[in-house]
Amino acid sequence: MKIIVMNSADLRIEVLNVPDHMLEEDIEVFLAEHDYSLNNISWMAAPIDYVPMQFHDFGINEENGEETRVIRHARLKDYSIYDSVQEVKHREQEELAETLRQYGESVDDGYEWHFEGECPIIAAYDYDEPCDVVILAVRVNKDGKLTIIGDEKNDRGNEHEIDVDEIFAGHLEFVTSEIGA
């Protein structure tokens, strides 16, 4: 269970992971024992892993002077660098798959793209070692599974499949930007 604590003394929101069995009385005792001043905070318990959030941006449209409002949906969760990196990697994989569907050559049960001349170079863990990899071809099947064929930049002549999850975050963009260019 998560306890969301909103501290009015220093405008801070904290998320506490606590055992699921705590009752309201237990939570207030727990907070007091952990140096939260019950006079300066509001709190709520959420028996879920992710807490839905809405961010509202209000402004004025410069052309017509009317009030604008943009709502962005997100989830309040445990933000670690690993989670952020994984989100970037998955978003890049989805963008590459969509680009292949749009510009790739239709084959069997998917789409593929072969690079010729100057091929994109990305960083990846290949054989458990970080290295630069020259990307020769990419493919997406009807289920969205990506297949990437590459060759180590400093040891050419050994084309093989590169595990898409072993590619460094931010590097698939180098491949995606070359497709259809």
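Biologist: How many aromatic pairs does the structure hold?

Modeller: It holds 1 aromatic pair. This is a predicted model: local features need pLDDT of at least 70, side-chain atom pairs count only at pLDDT 80 or more, and totals for chains, interfaces and linings use all residues. Residues are numbered from 1 along each chain as its sequence is written, and side-chain values use heavy atoms, without hydrogens and water.

Biologist: Why is the pair of Tyr125 and Phe168 called tilted?

Modeller: Rings of Phe, Tyr and Trp (its six-membered ring) pair if their centres lie within 6.5 Å; planes under 30 degrees apart are stacked, over 60 edge-to-face, and the rest tilted. Here the centres are 5.2 Å apart and the planes stand at 45 degrees, so the pair is tilted.

Biologist: What makes Tyr125 count as partly exposed?

Modeller: Buried means under 20% relative accessible area, exposed over 50%, and partly exposed in between (1.4 Å probe, protein chains only). Tyr125 has 40%, so it counts as partly exposed. Phe168, at 29%, is partly exposed too.

Biologist: Why is Asp151 called buried?

Modeller: Its relative accessible area is 3%, so Asp151 is buried.

Biologist: What makes the contact of Arg156 and Asp151 a salt bridge?

Modeller: A salt bridge needs a side-chain nitrogen of Lys or Arg within 4 Å of a carboxyl oxygen of Asp or Glu. Arg156 and Asp151 meet at 3.3 Å, N to O. The structure holds 7 salt bridges.

Biologist: Which residues are linked in a network of salt bridges?

Modeller: Asp10, Arg12 and Glu14 are. Arg12 comes to 2.3 Å from Asp10, closest N to O, and to 2.5 Å from Glu14.
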